[in-house]
Amino acid sequence: MIDQYGRTIDYMRLSVTDLCNLRCIYCMPSEGVTKRNHQDILSVEEIEEIVQTAASLGIHKIRLTGGEPLVRRGIEEIVARVANVSGIDEVALTTNGILLPEKIDFLKQAGVTRINISLDTLNENLYREITRGGELADALRGIEAVLAAGMLPLKINAVLIGGVNDEQIVQLVELTKNEEVHLRFIELMPMGQCVDWNQERFISADTVLKKIPALHFIGRQGVANVYRQEGYKGTVGLINPVSNHFCESCNRIRVTADGKMKPCLHSHDEIVLKGLHGKALFDTMKQAIYEKPCSHHLDSDTGSDSARDMYSIGG
Ligand code: SAM
Ligand code: SF4
């Protein structure tokens with residue numbers, strides 16, 4: 001549907017859990033998060049009804065996220081039901097990749113069309129440091145599983161952290177050399193765990209262009225400026241949520257695992273959907289989409305107005 005500022009809203013990011021098998025330094029507290037009571041998170045049936053309602057309001061694309069969506073019990077059934085909703089023609093998944101080797105066949109067969117894997121470094125020790133204990137080899141096995149399943153192009157997302165992984169840029173871009181991998185560098189957003197981090201951690205995605213002048217611009221795709229290195233099969237996207245807001249073309253809404261709609265990632269506003277059904281759910285979602293805020297004013301020193309960490313919104 002069209003919101004009050006004339007934007008077409010057709011994309012919903014749906015978090016299915018706050019829990020995760022990693023503890024990335026910018027996303028999760030080191031001690032992890034307390035598991036919510038079963039009744040406090042959306043059930044499979046509630047997720048299905050929200051997606052059906054969203055589809056009737058013009059949402060065509062769903063991205064399942066979290067926390068780590070693949071640790072949610074019953075993720076298989078959630079995927080199958082969401083993919084079956086009439087009007088939904090794309091079901092994507094954002095994951096750290098660790099559980100992909102065991103889940104990929106089902107996900108593909110159930111109707112997941114696109115997978116994004118988050119990977120901030122190709123250095124084992126740095127991976128352990130950023131994820132607080134994760135094994136790089138496990139994430140790489142996840143990437144191999146997607147490539148072997150032929151689910152191409154595969155998107156790999158890397159959050160840029162100044163002084164932490166900016167020395168990894170050249171190595172990460174090499175992932176695009178021989179495979180149809182769309183690597184996307186995303187600016188670190190000051191929210192949750194990293195809201196008070198030193199300014200030098202927040203670097204512009206354009207840093208990538210300074211490191212690799214051979215990248216040439218090939219066009220804009222969604223929220224990314226996309227580049228390619230001559231002779232490379234894949235591409236490199238730069239996403240600048242901090243240095244260059246894209247609010248005027250924002251087409252998305254978010255629903256959290258506990259059933260709140262967030263029409264804007266960086267707004268304090270949350271609309272309770274859990275407990276609503278039928279017409280009440282439809283009317284509430286319709287109004288929330290229509291009233292999606294015009295813009296946010298995130299920058300590296302003001303921080304986000306959202307009270308939540310990324311793991312509890314669904315990045
Ligand atoms: N666990 C899954 C994963 O890591 O892909 C899905 C959820 S995670 C919250 C989604 C994405 O949000 C990841 O790519 C992560 O790097 C990104 N993210 C988390 N906190 C962020 C922050 N403060 N700024 C920018 N991206 C962030
Ligand atoms: Fe988990 Fe993803 Fe957050 Fe890392 S970024 S802690 S993998 S939810």
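Which residues in H2 meet which residues in H3? I started my notes there.

**Ground rules.** I am working with a predicted model, where local features need pLDDT of at least 70, side-chain atom pairs count only at pLDDT 80 or more, and totals for chains, interfaces and linings use all residues. Residues are numbered from 1 along each chain as its sequence is written, chains are lettered from A and ligands numbered from 1 in the order in which they are written, and side-chain values use heavy atoms, with hydrogens and water left out.

**Helix pair.** I found Ile 75, Glu 76, Val 79, Ala 80 and Ala 83 of H2 meeting Lys 103, Phe 106, Leu 107 and Ala 110 of H3 (contact means heavy atoms within 4.5 Å; helices are DSSP runs of H or I, at least four residues, numbered from the N terminus). By class, I noted seven nonpolar, no polar and two charged residues in this contact. Next I looked up the axes, which are lines fitted to C-alpha atoms over the stretch in contact, with angles from 0 to 180 degrees between N-to-C directions. Those of H2 (residues 75–84) and H3 (residues 100–110) come within 9 Å and cross at roughly 20°. The two helices are therefore roughly parallel (angles under 35 degrees).

**Ligand 1.** I see 18 residues surrounding ligand 1, with Tyr 26, Gly 67, Ser 118, Val 159 and Met 189 the closest (a heavy atom within 4 Å). I noted a polar side-chain atom of Tyr 26 at 3.0 Å from a ligand oxygen atom. A polar backbone atom of Met 189 lies 2.8 Å from a nitrogen atom of ligand 1.

How values were computed:
Parallel < 35°, antiparallel > 145°, perpendicular 65-115°, else oblique. Nonpolar A, V, L, I, M, F, W, Y, C, P; charged D, E, K, R; others polar. Polar contact = N/O pair within 3.5 Å; in protein donor to acceptor, adjacent residues only side chain to side chain.
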